[in-house]
Amino acid sequence: MNRTARPALIALVLASVALTAGCVGTVSSGPGPASEAPPAGASFLATSLGTASGTWAITVMGGSAASHNNFWQLFMRPAGSTDWKLVTPPGVPDNGGLVAAGTSDEPLITGIRPSQYLTYTPLVITRDGGQAWSPAGPLDAALGNAPDALAAAPGTGRLLALLTNGTVKVAAPGYTRWTTLATQSSLAATPAGRRCGLTALTASTFTPSGTPLLAGRCSRPGTAGIFAAKNGTWQAAGPALPATLDHQPTTVLRLTRTSNGDVALLEAGTGPDASLLAAWSTGNEGHWALSPVIRLHDAELTSASFGSNGAAALVLTGNRAETITGAGATWRSLPALPAGTATLTLGPAGGFDALAVHRTRLTVWQLAPGTTAWRVTQAMNVPVQFGSSG
């Protein structure tokens with residue numbers, strides 16, 4: 001798609017809001033057909049995040065992983081409600097994935113990753129829980145394939161964007177002018193980057209005070225690759241790893257901001273020796289509280305979500321789920337997840353919602369507090385326009 005096509009595309013976004021807002025599929029209260037696992041090779045972008053306005057969940061729906069008939073969808077459960085609604089930004093093909101940024105009472109900004117003929121990243125913003133969207137940007141580059149490739153600064157509205165080529169861009173509100181903040185190679189050349197042996201950037205966020213944070217993969221054992229922009233350079237800002245993991249290379253899988261501060265999810269080691277642990281900033285930048293370690297034992301992480309208070313919910317292969325309420329707590333294994341669970345969210349009143357996908361049907365399963373069995377609370381047929389993007 002060339003530059004001259006952009007005004008028409010943005011106009012389509014705005015025009016189609018009126019047609020799609022409020023018409024978000026058919027919802028029923030009973031179980032749908034049996035769910036099946038998400039398509040093999042589905043992206044790690046399937047996730048959820050909690051804000052003051054509610055909980056947002058992103059997942060892919062449609063055909064097989066090898067086809068162009070996969071469409072990413074955004075769902076929202078308003079604060080105080082138990083029902084989910086479809087709020088996917090309209091008008092732009094989203095086969096490449098959606099990345100959302102927003103915490104506290106700030107608006108939610110969503111980047112639509114390029115795919116097929118789309119060569120740049122449209123940005124859209126909502127201030128009313130997804131009922132209406134307006135354009136913001138766009139970003140003349142390909143946004144990275146990571147849940148935290150987009151981050152908004154508290155108060156100022158500045159935006160960080162991690163690109164597929166390892167470049168990190170920053171823009172002020174309006175997002176019409178982007179400047180380069182760093183690249184993977186420039187950060188790797190700093191003293192902190194060399195100590196880490198930085199080989200890739202995987203996430204971006206801001207501290208509560210507005211300092212940019214970048215995270216990535218360290219080839220040198222025992223180093224957590226989180227870096228803060230301070231005093232004109234990048235300084236190591238990650239937690240000290242426990243002694244049991246200080247001999248393994250580490251990758252930061254998630255790094256995001258919640259109402260209580262920044263929270264990270266790290267993977268140490270690879271294969272059968274891989275482990276996961278969460279880390280929460282404790283108010284002073286560079287100081288972190290660590291969770292106990294989860295040994296994966298050949299399982300793979302498929303989705304990692306955070307609540308607005310820093311609670312974490314992980315989906316692992318084999319229908320496994322692990323959750324933790326925050327710093328100082330221990331991990332809790334949930335009952336086996338329903339088949340097809342794409343992402344797990346923190347539910348109302350301390351429960352959990354598992355969002356399971358079967359082609360164009362989303363089934364919401366709830367685990368109420370104090371119970372051990374999942375039950376269906378909602379099912380939704382999503383109007384996917386097959387063949388509309390290629």
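Colleague: In what order do the strands of the open sheet of four strands stand, and how are they paired?

Modeller: In this predicted model, where local features need pLDDT of at least 70, side-chain atom pairs count only at pLDDT 80 or more, and totals for chains, interfaces and linings use all residues, strands are DSSP runs (E, at least two residues), numbered from the N terminus, and two of them pair if DSSP finds at least two bridges between them. Residues are numbered from 1 along each chain as its sequence is written, and side-chain values use heavy atoms, with hydrogens and water left out. The pairing in this open sheet is antiparallel, and the order is β6-β7-β8-β9.

Colleague: Why is one side of β6 and of β9 left without a neighbour in the sheet?

Modeller: β6 (98-101) and β9 (134-135) each have a single partner strand, so one side of each stays without a neighbour, because both stand at the edges.

Colleague: Which residue of β7 stands opposite A100?

Modeller: Strand β7 covers residues 108-112 and runs antiparallel to β6, with four bridges joining the two. Opposite A100, the residue in β7 is T110.

Colleague: How many residues does the largest nonpolar core have?

Modeller: A nonpolar core is a set of buried Ala, Val, Leu, Ile, Met, Phe, Trp, Tyr and Cys residues joined through side-chain atoms within 4.5 Å, where buried means under 20% relative accessible area with a 1.4 Å probe, protein chains only. Among the residues with the most contacts inside the largest core are L74, L123 and W178. Contact means heavy atoms within 4.5 Å, and L123, leaving aside its neighbours within four places in sequence, touches residues including T110, P135, L139 and W178. The number of residues in this largest core is 56.

Colleague: Is the disulfide of C196 and C218 left-handed or right-handed?

Modeller: A disulfide is counted where two cysteine sulfur atoms lie within 2.5 Å, and here C196 and C218 are joined with an S to S distance of 2.0 Å. C196 belongs to helix α3 (residues 191-196) and C218 to strand β15 (residues 212-218), 22 residues apart. C196 is buried at a relative accessible area of 0%, and C218 is buried at 1%. The torsion about the S-S bond is about -105°, so the disulfide is left-handed.

Colleague: Over which residues is the pLDDT below 50?

Modeller: The pLDDT, the predictor's confidence in each residue from 0 to 100, averages 85 over the protein, and 84% of the residues score at least 70. Where pLDDT is low, the predicted coordinates should not be read in detail. The pLDDT is below 50 over residues 1-42.

Key:
Buried < 20%, exposed > 50% of the residue type's maximum accessible area, 1.4 Å probe, protein only.
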